[in-house]
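Work through the exercises below with the sequence and the 3D structure open. Try each task before reading its solution.

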Amino acid sequence: MSIEIKNITKRFPGYTALDDISLSVGTGELIALLGPSGCGKTTLLRIIAGLETADAGSIILEEKDTTNLPAREKNVGFVFQHYALFRRLTVFDNVAFGLNVQPSSVRPSKSEIRDRVEHLLKLVQMDWAIKRYPSQLSGGQRQRVALARALAVNPKVLLLDEPFSALDAKVRQELRRWLRKLHDDIHVTSIFVTHDQEEALELADRIVVINKGKIEQQGSPQEVYDHPANAFVYNFLGNVNVFHGRVHDGKVLVGDHLIEGKHELDLNEAKNGQAFIRPHEIGISRIRSGENDLVGIIRDIRLMGGQIGLEVETSGFDKLIEAEIPRETWQNLQLVKGDEVFITLDRVRVFSGEYDI
Amino acid sequence: MGYTVFYLSAIVIVPLSTLVFGAFRMDPQAFISTVTSPRVLASYRLSLSTALVAAIFNAVAGFLTAWTLVRYRFPGRKVLDALVDLPFALPTAVAGICFATLYSPVGWIGQILAKADIQLINAPSGIVVALIFIGFPFVVRTVQPVLSELEPEMEESAQSLGANRWQTFRKILLPHLFPALLTGVTLAFARAIGEYGSVIFIAGNLPFKTEIAPLMIMTKLDQFDYDGASAVAFVLLLISFTMLLVLNGIQRWQQKAYQ
Amino acid sequence: MQTNHTQEALIITNPNRNDHPAVQLILILLTFLFFAGFIFLPLGLVFAQAFQKGTALYLEAIRDPIAISAVKLTLLTAAIVVPLNAVFGVTAAWAITKFSFRGKTLLISLLDLPFAVSPVIAGLIFVLLAGSRTSLGSWLGDHGIKIIFSTPGIVIATLFVTFPFIARELIPLMESQGREEEEAAITLGAKGWQTFRIITLPNIRWGLMYGMILCTARSIGEFGAVSVVSGHIRGMTNTIPLHVEILYSEYNYTASFAVASILVFLALATIAVKALVEKRVHNQ
């Protein structure tokens, strides 16, 4: 089922949560709304679910305008950040709730409900806990039950509000992969909200980056990661080195060093600009590989699992440059603190203007 | 929602405004001469002063009780903790006859006090005793939750920085607990100003001496002096509303302090 | 509740946080002394006085027809007041915690009102509103309805004094529970009533129960307000506390304390139930 979000605006006293947002989601897609806290992504999700009303714009679910439909008639599944399981009901009754409250004319029979609940709990691997109460389950288990509960009413779309943010790192990662697999199996159109770029990159078919109530960019994880549309997206998705400088002929002058970006950008107008490069895009070597290379001295070396983080000081830059190289490269180069290295910034990207994050 | 509004109007807003409008309809001259008559003034003075003394006593006793109940472990603690609510649950008239009997010259405590030539019955000090009883749970029950939710880290970090027990208490704990304490004391004070049932038995109700303001209203009503009763009540109501405003202010200040 | 456990552990494990044993002992003794004077002595006195002249006289005082009619009127009042206040308390707490609307602050302030307004004034306003001397009162009188100096007046005055008790119990409870469960129920297609009955009500039932018990205790024990509106007609408009007062002022102390002992039992039962409810909530 497709979702069409048209020109949604929502204002709260003092600020605008959503500013004329339009977005379409195709049938069976898994979309991530990614942005910093307070950017409006949760508000958008709640408006789609009918838990909040928009000041302007419309929500069209499967070619039917549902903007003014009350939440209980929208038939969307909603998964809450803190699970929101009914604490006085058993796992079974939680999942059966949506079916039990249907009018008797359309409500499935008792045995049908039982079959469906058991099927769903198997699907989320929670069938062993059918008689338990939410308080007897761990966070990850509760969220699986919450998911089964949302799916029980055959929702047209599934909305997940920061579903994994209350879980610890290991469970989060596990549940994330599991959800991806589940989505591949059942293919219900889903939108999830997150502020964790890693989660969005790993899980989503498409990422929508939101900031201050506006969409900054949307595209496949690869697209937004490799080709960020602007400085904000670059900054928000992953670690990045930022150099502030003056733009001149498509190049940025930082300190006394001229950085030349490989990507084309219209820079004729702007006077100030920023150059971005991700730590792992920086080339480090013992010998000069190009005439544009910088010379730097390693100030710190950090072990970060499979990668090695380097902090390099260069003349002309007031900030240390952060670089990441694979462990083997580090071992081959036999780098230690104080070594002189050559730095290649070929893959730098230049954006005009100053950007506040 | 409709029910809430209707209920409040019928039970609270309409009846209260009757009193307020009634007072405004009165001849201003008559109103002023009623509320400034020496006997009425004496009753206001008595109500306010006894309520204040009781509130101050409760600030100390209530705080120490809350402290003891939260921070110490001793046999009987849970029973005492539960019994803090007794003044809430016990009808005021029962409390009234209890204190009147206890402190009468032949009563359990009165006998002992009589030997020292102290008389609490038919005296302002007796009223204070009754008001302490009434106001006590307000202080304990507002301080207790704040005290028990206090993070140990606060005290521990103060101590690790070299503060002694007393400094920690005075500079860290007391400022933190103060808004709650003030709320409780104000509540106890407001409640004590209007208290009737527990006081009239021990007070003896001597005009100019031990006649509290609520009793003044009662007396005027018994004489079918409705206007006089309204006038006295109106001023008492003003005092109560001021207390509510103060309370609101304290709570707002408290919220700000915690943000 | 989790924090409470860790705190208890810390009190025991961190000696630096505990006061000097001598200070502890003094404060504990002071507390016991205070409770002895203000709680235990009055309680003991009630029973000592009530049984002073033997069980027979105690029973006689309680079985007195006037006492029994006072009990009946008191129970009738409570039976009307408590359900009305329960409905009000639940709807007001529901509105205050789950929605935002104009006048919310006013509503919250009004809930403090009966604590600050003298019970005598609470009685007086109804005399002023519906007494025989007012236009409303005389109109009602013409239609054969008597409010002041009769049962309806007692009920209404008691309503005023006790209306916020249940709401005040529920508001912090419902606030701490948030609205996520209700929102989840709505997205699953539940109607307002279904959400309330299946989700909200079970979550608040202990708080509601305690609020109702507190409200019952207060409506049974209310003295000042009822005293103003009742007119003290023996066997007609006497509640238990008023009966206690009349007996006391007639120097019939034994009977007075005998009847008062019923009220003491009720008060102690209220406290016991509260302790039980808190334990229930604590364990969850």
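**Exercise 1: a helix of chain B**

In this predicted model, α12(B) is followed by Phe224(B), which has a positive phi, near 60°.

Solution: 
1. A residue is buried when its relative accessible area is under 20%.
2. The residues of α12(B) that count as buried are Ala213(B), Pro214(B), Leu215(B), Met216(B), Ile217(B), Met218(B), Thr219(B), Lys220(B) and Leu221(B).

**Exercise 2: a residue of chain C**

Task: Classify Ile26(C) as buried or exposed, and find which surface patch includes Ile26(C).

Solution: 
1. Ile26(C) lies in helix α2 of chain C, residues 21-50.
2. The cut-off for exposed is over 50% relative accessible area.
3. Ile26(C) has 51% relative accessibility, so Ile26(C) counts as exposed.
4. Together with Leu30(C) and Leu33(C), Ile26(C) makes a nonpolar surface patch of about 310 Å².

**Exercise 3: the interface of chains C and B**

Task: Describe the contact between chain C and chain B in terms of residues, buried area and salt bridges.

Solution: 
1. Chain C contributes 81 residues and chain B contributes 84 residues.
2. The two chains bury about 7,600 Å² between them, with 76% of it on carbon and sulfur atoms.
3. One salt bridge is counted between the chains; it joins the side chains of Asp85(B) and Lys274(C), at 2.6 Å from N to O.
4. On the side of chain C that touches chain B, α2(C) supplies the largest share, 19 residues.

Conventions: Residues are numbered from 1 along each chain as its sequence is written. Chains are lettered from A and ligands numbered from 1 in the order in which they are written. This is a predicted model: local features need pLDDT of at least 70, side-chain atom pairs count only at pLDDT 80 or more; totals for chains, interfaces and linings use all residues. Side-chain values use heavy atoms; hydrogens and water are left out. Patches are made of residues with over 30% relative accessible area and no salt bridge: like charges are joined within 9 Å, nonpolar side chains (Val, Leu, Ile, Met, Phe, Trp, Tyr) within 5 Å. Accessible areas come from the Shrake-Rupley method with a 1.4 Å probe; for residues, only the protein chains shown count as cover. A salt bridge is a side-chain nitrogen of Lys or Arg within 4 Å of a carboxyl oxygen of Asp or Glu. Helices (H or I, at least four residues) and strands (E, at least two) are DSSP runs, numbered from the N terminus. Buried means under 20% relative accessible area, exposed over 50%, partly exposed in between (1.4 Å probe, protein chains only). Contact means heavy atoms within 4.5 Å. Buried area is the accessible area (1.4 Å probe) that two parts lose on being put together, summed over both.
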